[in-house]
Amino acid sequence: MRVLKHYIAWSWGLADAETQTTQAERDCLARHASGRRRLVEIGVWHGVTTRRLRTAMDPDGTLIAVDPFPAGRLGISLQQRIAHHEVGETVNGRVVWVRKTGADAARGHSPVDFVFIDGDHSEQGLLADWNAWSPLIETGGVIALHDSRSSNDRLIDDAGSVKVTNEVVLPDRRFELIDAVDTLTVLRRER
């Protein structure tokens with residue numbers, strides 16, 4: 001019922017689209033997405049970060065917005081409706097909506113220059129997304145992971161996503177750590 005109440009309040013302009021990223025994280029993502037042409041966001045939710053990425057990317061770029069958007073009790077995804085509206089408020093480049101999990105969306109995908117992973121935060125979920133998308137990042141491209149480290153406001157060291165980041169992602173010699181803000185980790189592919 002909370003989802004429906006929020007959707008109604010949002011529809012009437014009484015509530016904002018929701019996000020779990022901080023303003024500082026969105027600013028960091030926008031800096032690294034600036035001028036990029038082939039972007040992917042895994043985990044769209046209400047499209048707040050998607051909209052920011054669309055604004056920052058190259059005007060001729062394409063942003064692949066990946067989220068399974070599970071249907072709720074009404075048989076539709078109200079989050080998907082909010083996301084489509086929010087992202088549609090910005091006219092820059094092109095957005096392609098993909099209603100799949102991150103790992104499923106990567107199958108058969110061509111190389112990209114920016115990926116933001118904010119989907120399944122479980123150990124298995126992040127590992128699947130990392131294994132699927134990290135080979136598709138071109139040299140010089142960026143991959144950013146949300147909820148991948150603790151911050152002063154969010155102590156999440158026991159989260160599966162933090163464990164995978166520390167044990168798999170950071171030791172990966174193909175990538176170099178280039179930024180970290182709040183719970184966001186940003187890496188650049190070096191080889």
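Predicted model: local features only at pLDDT ≥ 70, side-chain atom pairs only at ≥ 80, totals over all residues.

Reader: How many cavities of 30 Å³ or more does the structure hold?

Author: There are 2 of them.

Reader: What makes a space a cavity and not a pocket?

Author: A 1.4 Å probe fits in a cavity but cannot get out, whereas a pocket is open.

Reader: Which residues line the largest cavity?

Author: Arg-2, Val-3, His-6, Glu-18, Trp-45, His-46, Leu-78, Gln-79 and Ile-82 do. Helices α1 (2-11) and α4 (78-88) each supply at least two residues of that lining.

Reader: Why are some residues of this lining called charged?

Author: Asp, Glu, Lys and Arg count as charged, so Arg-2 and Glu-18 get that label. The lining divides into 4 nonpolar, 3 polar and 2 charged residues.

Reader: What is the division by class in the second largest cavity?

Author: Its lining has 2 nonpolar, 4 polar and 2 charged residues. Among them are Gly-119, His-121 and Ser-161; Gly counts as polar, so Gly-119 belongs to that class.

Reader: What makes a set of residues a nonpolar core?

Author: Its members are buried and joined through side-chain atoms within 4.5 Å. The largest such core has 22 residues, of which Leu-29, Phe-114 and Leu-184 touch the most other members. Helix α2 gives the largest share, 4 residues.

Note on methods: Residues numbered from 1 in each chain as written. Heavy atoms only, no water. 1 Å grid on protein atoms, 1.4 Å probe; cavity = no way out; pocket = protein on both sides within 12 Å on 5 of 7 lines; lining within 4 Å. Points joined across faces, edges and corners; volume = space filled by probe spheres on them. Buried < 20%, exposed > 50% of the residue type's maximum accessible area, 1.4 Å probe, protein only.
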